[in-house]
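Hi there,

Here is the structure I promised to pass on. Have a look at it first, and my notes on what turned up follow below.

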Amino acid sequence: MVSEQQLSDAMDTALQTAQRGHRGANPLVGACILDEHGSLIATGYHQGAGTPHAEIDALRRLGRISRERAATLSMVVTLEPCNHTGRTGPCSAAIAQAGIGAVHYAVGDHTSASGGADYLAAAGIKVSQARHTTSTRELNHRWFRAKEQGRPFITVKTAQSLDGRINAPDGTSQWITSAESRAHAHSLRARVDAIVIGTNTVIHDDPRLNARTADGTALPRQPHRLVMGQRDLPGRLALAFDEHWEQVRTREVHQLVSRASELGYGHLLIEGGASIASAFIAADLADEIYCYQAPIIIGAGDSSVNLATTHTLGDARAFRIDAFSNETLHRLGPDVLLHLEPLPRPL
């Protein structure tokens, strides 16, 4: 029989395993499978939207076993198994089909995917919920907030000098950061549903906004492009290489987010310029920030963030290094990637 201590230890392992993934349209989730003696025999995690969920990943790593053997096993998961069909099937049904005897989860799912615990219990599986879940709740606190607000998960990206500049006084900005940082940024583009950029950046830089390798080859998964702003755009744009782009004629971030939700986007990447990124941060819509920090000082030029002046330090907007990220402080050639998130609200 699996003890409470073994379940607690397995939950810690699941939490650590979850951190191998990436947040976005889906949360970070980790799963462990224990045998009848409480020994760890398989782990799994969710790598990102469209990939197998943590529970399915753990079952695949477990391999084929008899239903008699499966009935003696326990699965420990950081989030209640889902009970809906999206890009993948419901995890609760897969667990029941595998014949797992018990499921122990940390955080209840109150989104549209909820109901997994009830489904499992109705299937005759022993279901229990962890008592102390502060860490597992904090793991996805901004993802849950995005779901509560009925909007996509939003990532803000910036590349800057040590003094927070995104260009020189003459307007040059290529390249502040290294080739390694740019490669990482393209992998980030490939994970999101859509990139948001302002009309001013489109007119002045005419970016393509696709995701590509270092040699310029397009990656298999490409983001859609949303241009935010009321200015008329030129007739020919590099980003208009296919039909998956749109201008949203607004300067109001909530209207942009509403349109992105209508289009079914679950993960937005805000690339700029500085005014657009600042507007999302000011509206508390930045669920995470990827800051590519180059080891140079420019001394003048545009700032990466343009927020209203803070007159006292106590009123400054507070972020923290993402405590659960696999890229918390990441060396990229000469640069450093800072993966930041807003402070959690009190539970």
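Let me begin with His 204, which sits in helix H9 (residues 199-205); helices here are DSSP runs of H or I with at least four residues, strands are runs of E with at least two, and both are numbered from the N terminus. This is a predicted model, in which local features need pLDDT of at least 70 and side-chain atom pairs count only at pLDDT 80 or more, while totals for chains, interfaces and linings use all residues. Residues are numbered from 1 along each chain as its sequence is written, and side-chain values use heavy atoms, with hydrogens and water left out.

His 204 counts as exposed, at 57% relative accessibility. On that scale, buried means under 20% relative accessible area, exposed over 50%, and partly exposed in between, with a 1.4 Å probe and protein chains only. A polar atom of the His 204 side chain lies 2.9 Å from the backbone oxygen of Asn 200. Such a polar contact is a pair of N or O atoms within 3.5 Å; within protein, one must be able to donate a hydrogen and the other to accept it, and residues adjacent in sequence count only if both atoms are side-chain atoms. Gly 171 is 33 residues away from His 204 along the chain, with 9.9 Å between their C-alpha atoms.

Another histidine, His 184, belongs to helix H8 (residues 179-191) and counts as buried at 10% relative accessibility. Leaving aside neighbours within four places in sequence, His 184 is in contact with Tyr 290, Tyr 292, Glu 327, Leu 332 and Leu 337, where contact means heavy atoms within 4.5 Å.

Now to the sheet. Five strands form an open sheet in the order S2-S1-S3-S4-S5, with mixed pairing; two strands pair if DSSP finds at least two bridges between them. S2 and strand S5 (126-129) are the edge strands, each pairing on one side only, and the twist averages 15° from one strand to the next. Strands S1 (residues 30-34) and S2 (residues 40-45) run antiparallel and are joined by five bridges, with Leu 40 in S2 as the bridge partner of Leu 34. Five residues lie between the strands of this hairpin, where Gly 38 takes a positive phi near 85°. Helix H1 (residues 4-18) lies across S1, S2, strand S3 (74-79) and strand S4 (102-107), running at about 140° to S1. For that angle, axes are lines fitted to C-alpha atoms, for helices over the stretch in contact, and angles run from 0 to 180 degrees between N-to-C directions.

How many residues of H2 are buried? Seven of the nine are, so H2 is largely enclosed by the rest of the structure. The buried ones are Ala 54, Glu 55, Ile 56, Asp 57, Ala 58, Leu 59 and Leu 62, and what covers them includes S1, S2, S3 and H4. Ile 56 has a relative accessible area of 18% and, neighbours within four places in sequence aside, is in contact with Cys 91 and Ala 94. Just after H2, Gly 63 takes a positive phi of about 85°.

The largest nonpolar core has 32 residues, of which Ile 33, Met 75, Val 76 and Ile 95 touch the most other members. A nonpolar core here is a set of buried Ala, Val, Leu, Ile, Met, Phe, Trp, Tyr and Cys residues joined through side-chain atoms within 4.5 Å. Elements giving two or more residues to this core are H1, S1, helix H2 (54-62), S3, helix H4 (91-98), S4 and helix H7 (141-148). Apart from this core lies another, of 23 residues, among them Val 253, Ile 270, Ala 277 and Leu 285.

At the start of H10, a side-chain oxygen of Glu 252 reaches to within 2.8 Å of the backbone nitrogen of His 254. Just after H10, Gly 264 takes a positive phi of about 85°.

Best wishes
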